[in-house]
Amino acid sequence: MLTLKQQRFVDEYLLDLNGTKAAVRAGYSEKTAKSIATENLTKPVIAAAIEEAMNKRAEAVGLRAEYVIKTIISTIERCGQATPVLNKEGAPTGEYRFDAGNVLKGCELLGKHLKMFTDKVEVSGPGGAVPVLNVVIG
């Protein structure tokens, strides 16, 4: 069960998916907003409330992953089409251009969806040795 302030945080977070701004708008101190946002977003009850609200919103507008993927693919194909460069009179110059930046951005989004690009963190100690972790239980 969420407190009123936590529910407000969830509602505000859904506006722009910015935790720090959501914390401030929900009434938390500007000084501690970033740490509160991080803390709130890791609380299972708050994360579940956000996920549920996002799922309801997507369902309400009929948003499906397939639509997003098809739109990205369509945009990539449009941006990848070579269009003639025209001179001041509107005649083709013989040169062509395409929107490489947006093609690559679309491919990046699709690649992320397919989990092709993952950040890997390699942890090593001095000289490349694997660090020993001392865990105390109890």
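This is a predicted model: local features need pLDDT of at least 70, side-chain atom pairs count only at pLDDT 80 or more; totals for chains, interfaces and linings use all residues.

Tutor: In the hairpin built from β1 and β2, five residues sit between the strands, and Gly-90 takes a positive phi near 90 degrees. Strand β1 covers residues 83–86, runs antiparallel to β2 and is joined to β2 by three bridges. Across the pairing, Pro-84 stands opposite Tyr-96 of β2. As for cover, β2 (residues 92–97) has hardly any: of its six residues, the number that count as buried is zero.

Searching the whole structure turns up one aromatic pair. The ring centres of Phe-9 and Tyr-13 are 6.1 Å apart and the planes meet at 25 degrees, so this pair counts as stacked; the cut-off for that label is under 30 degrees. Both residues belong to α1 (residues 4–16), where they are four residues apart, about one turn of the helix. Phe-9 and Tyr-13 are both buried. There's a ring contact of another kind too: Lys-5 lies over the face of Tyr-28, 4.6 Å from the ring centre.

Last stop, the surface. Val-61, Leu-63, Tyr-67 and Val-68 make a nonpolar patch of about 390 Å². One of them, Val-68, is found in helix α5, residues 65–79. Val-68 has a relative accessibility of 35%, so it counts as partly exposed; that class lies between 20% and 50%.

Technical notes:
Residues are numbered from 1 along each chain as its sequence is written. Side-chain values use heavy atoms; hydrogens and water are left out. Buried means under 20% relative accessible area, exposed over 50%, partly exposed in between (1.4 Å probe, protein chains only). Helices (H or I, at least four residues) and strands (E, at least two) are DSSP runs, numbered from the N terminus. Two strands pair if DSSP finds at least two bridges between them. Patches are made of residues with over 30% relative accessible area and no salt bridge: like charges are joined within 9 Å, nonpolar side chains (Val, Leu, Ile, Met, Phe, Trp, Tyr) within 5 Å. Accessible areas come from the Shrake-Rupley method with a 1.4 Å probe; for residues, only the protein chains shown count as cover. A salt bridge is a side-chain nitrogen of Lys or Arg within 4 Å of a carboxyl oxygen of Asp or Glu. Rings of Phe, Tyr and Trp (its six-membered ring) pair if their centres lie within 6.5 Å; planes under 30 degrees apart count as stacked, over 60 as edge-to-face and the rest as tilted. A charge sits over a ring if NZ of Lys or CZ of Arg is within 6 Å of the ring centre and within 35 degrees of the ring normal.
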